[in-house]
Amino acid sequence: MASLFQDYDEFVEKFKPKKTTDDCYTPKAVYDVVLEYVNGITSLDGRHIVRPFWPGADFTECDYPDGCIVIDNPPFSIYSKIVRWFLAHDIDFFIFAPGLTQRVAGADVCYVATMADVTYDNGALVRTSFTTNIIKDYRLMTAPKLAEDIRKASKKPTRGQPIIYEYPDNLITLALLGKLNQRGIDFSVRKDECAEVTNIDALRRVKKSLFGGGFLLSERAAAERAAARERLKLTLTRDELAMIP
């Protein structure tokens, strides 16, 4: 009889909808922290905050009142499509983004690299950053306080960052930006001081690619990147330094 019930439970389980990272329900405490951060960038008083993403919904059919702003966690499988759609329809947004792969080629946005570990209400643990079009002058920036506030709200320890490869000073990746953020180093790059790249010659020669792409920096921004990199090295342990090729 026990075997019969077990077989039935397994049969029923096959027909239950499977949750993926697209079904990441944002914990209220984390969302409130993000809301407070956005309110520090642009006043939310009187603005309609839209949350168009939930399982089975079509975000393009949602009502977006004039002057509204989207602050929400989108399904990451169509994240690039969402960013492009909001830009095309001139809708303000500050949305959760998938850490290392948040770059949307050619998109006129700012990437806020927090690389914060968020455990969503469906149990998924996702390294999260943010993408927005409300920060007009900057393409890249860290947000150490936001990341720390998210960590406290999540009540989760931060996982180790991935290996950072040694690139020229005039190149920065989202992985490096995330590492700077994790160590509390403020760093930002203006839109007119960088250009997107998908790979570099040094990696092509060894048949490797620039994961997630990167950004070539102006001479001034490259100097600041180099200085930030040196500050980062001062915060690393001997083992962490040994991981950098």
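Two strands count as paired here if DSSP finds at least two bridges between them.

Start with strand β4 (residues 110-119) and β6: they run parallel and are joined by three bridges. One of the residue pairs to look for is Ala113 with its bridge partner Thr142 in β6. Then there's strand β8 (residues 188-190), which runs antiparallel to β6 and is also linked through three bridges. Here Leu140 has Val189 in β8 as its bridge partner. Further along, strand β3 (residues 92-98) and strand β5 (residues 125-132) pair in the antiparallel sense over five bridges, and Phe96 finds its bridge partner in Phe130 of β5.

| Strand pair | Sense | Bridges |
|---|---|---|
| β4 and β6 | parallel | three bridges |
| β6 and β8 | antiparallel | three bridges |
| β3 and β5 | antiparallel | five bridges |

Put together, you get an open sheet of seven strands in the order β1-β2-β3-β5-β4-β6-β8, with mixed pairing. β1 (49-50) and β8 stand at the edges with a single partner strand each, so one side of each has no neighbour in the sheet. What about β6, is it buried or exposed? Four of the five residues of β6 (residues 138-142) are buried, so the rest of the structure largely encloses this strand.

Strand β3 and strand β5, with their five bridges, are a handy place to start from. Helix α4 (residues 144-154) packs on the sheet and touches β4, β5 and β6, with its direction at about 15° to that of β4. α5 packs on the sheet as well, touching β4 and β6, but its direction makes about 65° with that of β4.

Asn181 sits in helix α5 (residues 174-182). Its relative accessibility is 2%, under the 20% limit, so Asn181 counts as buried. A polar atom of the Asn181 side chain lies 3.1 Å from the backbone oxygen of Thr114. Leaving aside residues up to four places away in sequence, Asn181 touches Ala113, Thr114, Thr142, Ala143, Pro144 and Ala147. Ala113 and Thr142 are the bridge partners mentioned above.

Ala223 belongs to helix α7 (residues 219-235). With 48% relative accessibility, Ala223 counts as partly exposed.

**The whole chain**

The chain has eight helices and ten strands. Of its 245 residues, 46% count as buried. Among contacts with a separation of 6 or more, 64% come from residues 24 or more positions apart. The chain exposes about 13,100 Å², and carbon and sulfur atoms supply 53% of that.

The mean pLDDT of the chain is 82, and 77% of the residues reach 70 or more. Where is confidence lowest? That would be helix α1 (residues 2-13), at a mean of 49, while helix α3 (residues 79-88) is highest at 97. Over residues 1-6 the pLDDT is below 50, and this stretch has zero contacts in the model beyond near neighbours in sequence. Residues 14-21 also stay under 50, and the model has six contacts for them beyond four places in sequence. Where pLDDT is low, the predicted coordinates should not be read in detail.

How values were computed: Residues are numbered from 1 along each chain as its sequence is written. This is a predicted model: local features need pLDDT of at least 70, side-chain atom pairs count only at pLDDT 80 or more; totals for chains, interfaces and linings use all residues. Side-chain values use heavy atoms; hydrogens and water are left out. Buried means under 20% relative accessible area, exposed over 50%, partly exposed in between (1.4 Å probe, protein chains only). Helices (H or I, at least four residues) and strands (E, at least two) are DSSP runs, numbered from the N terminus. pLDDT is the predictor's confidence in each residue, from 0 to 100. Contact means heavy atoms within 4.5 Å. Accessible areas come from the Shrake-Rupley method with a 1.4 Å probe; for residues, only the protein chains shown count as cover. A polar contact is a pair of N or O atoms within 3.5 Å; within protein, one must be able to donate a hydrogen and the other to accept it, and residues adjacent in sequence count only if both atoms are side-chain atoms. Axes are lines fitted to C-alpha atoms, for helices over the stretch in contact, and angles run from 0 to 180 degrees between N-to-C directions.
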